[in-house]
Amino acid sequence: MSPQLTRRELAQLAGVAALAAPFSRHAHAAPRARVGLAALPAEGLTPASARAALEKALVGATNATSAAAAVRALFKPTDTVGIKLNCLAGRGMSPRPELVEALATLLGNAGLARHRIIVFERSTRELRRAGFLPGDHDTYRCLAIDNDYDAEPSTSGSIGSCFARLASTTCTALVSFGVVKDHDLAGISAGAKNWYGIIHNPNKYHDSNCDPYLADLLRHPLVRDKVRLTILDGVTAQCHGGPAYRPDATWPLGVVAASTDLLAADAWAWRVIDAERTRRRLPTLAAAGRPPRWLATAHQYGLGVGDPSQVEIVGA
Amino acid sequence: MRRRQFLAAAAASLLAGVPRLASAQWSRPPDRHIEGREASWYRQLPDRRVECQLCPRACQVADQERGGCGVRENRGGVYYTLVHSLPCTVHLDPIEKKPFFHLLPGARALSWATAGCNVECKFCQNWEISQFRPEQVASTWLPPEELARQARNAGARLLSATYSEPVVFWEYVRDTARAGRALGVRTTVVSNGYIAEAPLKEVLPHLAAVKVDLKSFRDSFYRQVVRGELKPVLRALEVIRAAGVWLEIVVLLIPTLNDSEEEIRDLARWVRGNLGAEVPLHFSRFHPTYRLTNLPPTPVATLERAHAIARAEGLEFVYLGNLPGHLAANTLCPSCGQLLIQRVGFTVRENRLRRGACPACSRTIPGIWS
């Protein structure tokens with residue numbers, strides 16, 4: 001059996017299966033959210049193929065007539081867009097520079113000046129390890145938060161944190177550019193968990209599988225109101241041993257995912273990871289004691305569609 | 001300059017006044033990688049995970065992740081402390097500031113802290129260092145032997161691990177206490193007492209005294225306001241007492257949260273019944289800060305009521321703190337009421353003790369007096 005999901009299998013993950021346990025207790029009607037998928041095999045990946053895949057995923061996510069139209073609908077030329085990467089796991093399991101470059105190009109084509117497109121991560125070291133060079137690039141600026149946080153903490157439910165000034169002050173719009181991987185405590189690390197990287201004290205909020213902490217962070221106005229888009233580099237995904245890179249637990253998923261919903265891409269990622277775990281005879285995340293409960297909590301908060309059965313997959 | 005930067009700069013300038021420390025390099029490079037050293041209390045789990053055995057949280061930490069304290073990191077299945085020999089603040093304090101009231105009155109303590117804490121008190125006064133990771137604060141390289149040497153050279157009779165939470169830099173505390181002892185400088189710890197029994201017992205023989213912040217006598221308070229638990233703290237108090245290490249307790253009274261008569265009475269009874277009437281108990285005044293800015297400072301009357309309750313329950317040495325000039329900062333003989341030590345703020349105005357006893361009735365006063 002091929003380790004890569006077929007299109008049919010991907011489609012099955014779109015929501016045909018039963019509701020996951022955390023939602024069954026309090027399922028309620030919610031609008032379906034879209035996740036746009038586009039195939040992008042690692043083999044032969046080029047800037048052009050990356051851009052084509054990203055554009056297709058964006059169209060799928062937004063139902064726009066084109067990727068350019070989708071980006072113009074989401075961002076204004078006067079926005080300063082922060083693209084938050086997740087580079088914790090190094091080059092093996094971080095967003096690919098080709099995809100990030102493709103997004104920056106689309107933003108530039110939508111009228112945003114280069115200095116208004118900021119690709120960022122927690123530290124310079126993490127950026128470099130993932131293949132991103134801090135500084136000015138042709139289409140974006142690459143910056144690290146390092147230690148530039150707000151001077152005072154801001155509270156949202158159970159969390160109290162100083163936010164990176166890049167996110168709180170500099171940027172008017174945010175994009176989560178994550179990966180598709182397992183997480184030892186949160187269950188998954190995809191688009192939402194990436195936002196732990198903009199607070200100074202994420203280590204305080206990993207108890208109880210990050211629930212309700214991660215949902216409370218997503219509910220903070222800085223996240224809830226600024227995040228316009230989630231993109232997941234699923235060219236290679238990881239079903240176990242995260243958040244660090246574990247080559248033996250990766251597989252070539254071969255897709256790029258996009259969603260304008262704060263939670264839907266994570267809901268999709270959860271199903272994909274569980275499917276691969278099942279294929280490998282590993283327990284599902286729920287059976288392993290770490291279902292992403294925060295996703296259900298965030299769904300209950302009304303932040304988006306975290307219920308995998310309510311996510312519509314478009315493309316791939 | 002932001003407050004945290006100011007504190008770091010202040011710490012640096014103060015440290016510069018300590019002999020031979022003027023050349024210490026306080027730095028916060030934008031991308032500092034901290035080498036760290038292997039932690040002493042943890043066990044390895046499958047899949048390169050580890051379980052920390054330092055505090056009751058018992059964090060299970062995946063590769064590349066950190067424990068709840070933010071200062072211990074799993075690197076490929078080996079757990080590292082990132083704060084050994086890396087203080088973010090060093091300061092010469094009067095020992096009364098800790099507060100220790102029965103320990104070498106008027107002595108100076110070279111006090112130090114690293115970043116990090118294993119709980120998250122919503123009222124933390126030092127959150128700018130306790131709630132940050134080591135790479136987020138300015139710090140300097142100061143190995144235990146050097147720290148102990150600086151204390152001796154500065155004329156400090158004591159070293160004090162304090163400000164943030166010494167439990168999270170417990171290896172550094174242990175090694176500094178050993179180094180200090182070799183130079184005749186005794187080490188004290190100011191802690192939340194949220195520590196596992198084994199590491200506590202291992203380090204206690206090297207310590208002269210421990211002050212524990214007992215945040216409340218209600219587990220619900222610990223869980224909701226501190227994000228810890230009461231029971232392990234009470235156990236730590238018993239272990240410290242049983243080890244014969246000098247112990248004092250501080251309770252920060254916060255309006256409406258932990259200041260009920262019933263709770264104070266329960267607490268005082270427990271201290272008397274389980275630790276002894278001679279253990280000093282300090283009630284301290286709360287000031288709004290960090291995430292608890294919606295409550296007023298503790299009324300003086302509340303503190304005085306707590307003092308009266310604890311005395312009525314039989315505790316012999318009850319003090320009020322954060323109330324400069326209040327008479328309840330003085331030490332009185334529990335037998336005859338004689339004024340023994342008069343304090344104003346952190347200053348000892350008068351010490352009438354004679355060889356650790358009351359000059360009027362000869363009652364021995366517990367503590368370390370010489």
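Visitor: How many bridges join E16 of chain B to E17(B)?
Guide: Four bridges join strand E16 (residues 339-344) of chain B to E17(B), and the two run antiparallel. Within this pair, B:Gln342 stands opposite B:Glu350 of E17(B).

Visitor: Before we move on, what kind of model is this, and how are things labelled?
Guide: This is a predicted model, in which local features need pLDDT of at least 70, side-chain atom pairs count only at pLDDT 80 or more, and totals for chains, interfaces and linings use all residues. Residues are numbered from 1 along each chain as its sequence is written, while chains are lettered from A and ligands numbered from 1 in the order in which they are written.

Visitor: Back to strands, then. What does E6(B) pair with?
Guide: Strand E5 (residues 72-75) of chain B pairs with E6(B) in the antiparallel sense over four bridges. There, B:Glu73 has B:Tyr80 as its bridge partner in E6(B).

Visitor: What happens at the turn between E5(B) and E6(B)?
Guide: The hairpin has two residues between the strands, and B:Gly76 takes a positive phi near 65 degrees.

Visitor: How many helices and strands does chain B have?
Guide: Chain B has nine helices and 17 strands. Its radius of gyration (taken over C-alpha atoms) is 20 Å, close to the 21 Å that the globule rule gives for 370 residues, so chain B is as compact as a globular protein of that length. The globule rule is 2.2 Å times the number of residues to the power 0.38.

Visitor: How much of chain B is buried?
Guide: Buried residues make up 52% of its 370 residues. A residue is buried if 20 or more other C-beta atoms, placed from the backbone, lie within 10 Å of its own.

Visitor: And chain A, how many helices and strands?
Guide: Chain A has eleven helices and 13 strands. Of its 316 residues, 62% are buried. The C-alpha trace of chain A spans about 45 × 45 × 35 Å along its principal axes.

Visitor: Where do the domains of chain B lie?
Guide: Domain 1 covers 239-329 and domain 2 covers 336-370, with bounds from an automatic or database domain assignment. Their contact takes five residues from domain 1 and six residues from domain 2. Two residues are in contact if their C-beta atoms, placed from the backbone, lie within 7 Å.

Visitor: Finally, how many residues does each chain give to the contact between A and B?
Guide: The contact takes 22 residues from chain B and 21 residues from chain A.

Definitions and conventions. A residue is buried if 20 or more other C-beta atoms lie within 10 Å of its own, exposed if 12 or fewer, and partly exposed in between; C-beta atoms are placed from the backbone. Two strands pair if DSSP finds at least two bridges between them.
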